[in-house]
Amino acid sequence: MTIATTGAGVPYNFPKGFNWDVLERQGTVLSHDAETMVIDDHGIEWTFTGQGFDNFDGLGWAGTGLLTGITALFGGTTLFFDFSDMSIDMAEFRFVMDHGDSRAGLRLMLGGDDDISGAELNDALLGLHGDDALHGFAG
């Protein structure tokens, strides 16, 4: 089960997905090891967490391992979104990133019984396969 939470300061639109290929091309890997990759993309700090990250490419992106979480922060402090409790093969996730398929990325991230929470802003939440719980709050 993936637990997804949007931040209080920034509305998020799940149906639009992510521009993974843009992040991969334009983001700068700040650090990486077997459990964490930190990427800066024009002031948004992305932290990818997992296990066994390895086979890093020339840009510092892991090619193998198990992806368990993604957190994005504006300016290093304001939460954009947080995905946790995932279990995604990093090679499969990289394939999706390389092809810029945001919907396939969401299917990987939200393919089970998920718990998705918005914030007080106008978030557009999306549940996919499985028995999802959506919490819209005041947005």
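F48 is buried, and W61 is buried as well. The model in which these two residues are described is a predicted one. Their rings form an aromatic pair of the edge-to-face kind, with 5.4 Å from centre to centre and 70° between the planes. F48 belongs to strand β4, which covers residues 44–54, whereas W61 sits in the loop between β4 and β5 (64–74); the pair therefore ties together parts that are 13 residues apart in sequence.

A second pair can be described in the same terms. A pair of aromatic rings is characterised by two quantities, the distance of the centres and the angle of the planes. For F81 and F83, the centres are 5.2 Å apart and the planes stand at 75°, so this pair is edge-to-face. The reasoning rests on a cut-off: planes over 60 degrees apart count as edge-to-face. The two pairs are set out below.

| Aromatic pair | Centre to centre | Angle between planes | Kind |
|---|---|---|---|
| F48 and W61 | 5.4 Å | 70° | edge-to-face |
| F81 and F83 | 5.2 Å | 75° | edge-to-face |

Are F81 and F83 buried or exposed? F81 has a relative accessibility of 0% and therefore counts as buried. F83, with a relative accessible area of 1%, is buried too. The term applies because a residue is called buried when its relative accessible area is under 20%.

The structure holds five aromatic pairs. One aromatic cluster is formed by W46, F48, W61, F81, F83 and F93.

Attention now turns to R94. This residue is located in helix α2, which spans residues 90–99. With a relative accessible area of 10%, R94 is buried. Its side chain makes a polar contact of 3.0 Å with the side chain of D57. R94 and A62 are separated by 32 residues in sequence, yet their C-alpha atoms are 8.3 Å apart in space.

The protein as a whole provides the setting for these details. How many helices and strands does the protein contain? There are three helices and nine strands, and along the sequence they follow the pattern β-α-β-β-β-β-β-β-α-α-β-β. Of the 139 residues in the protein, 40% are buried. Among the contacts with a separation of 6 or more, 45% involve residues 24 or more positions apart. The accessible surface of the protein comes to about 6600 Å², and carbon and sulfur atoms account for 50% of that surface.

How values were computed: Residues numbered from 1 in each chain as written. Predicted model: local features only at pLDDT ≥ 70, side-chain atom pairs only at ≥ 80, totals over all residues. Heavy atoms only, no water. Phe/Tyr/Trp six-rings, centres within 6.5 Å; stacked < 30°, edge-to-face > 60°. Helix = DSSP H or I, 4+ residues; strand = E, 2+ residues; numbered from the N terminus. Buried < 20%, exposed > 50% of the residue type's maximum accessible area, 1.4 Å probe, protein only. Polar contact = N/O pair within 3.5 Å; in protein donor to acceptor, adjacent residues only side chain to side chain. Contact = heavy atoms within 4.5 Å. Areas by Shrake-Rupley, 256 points an atom, 1.4 Å probe, with all protein chains shown as cover.
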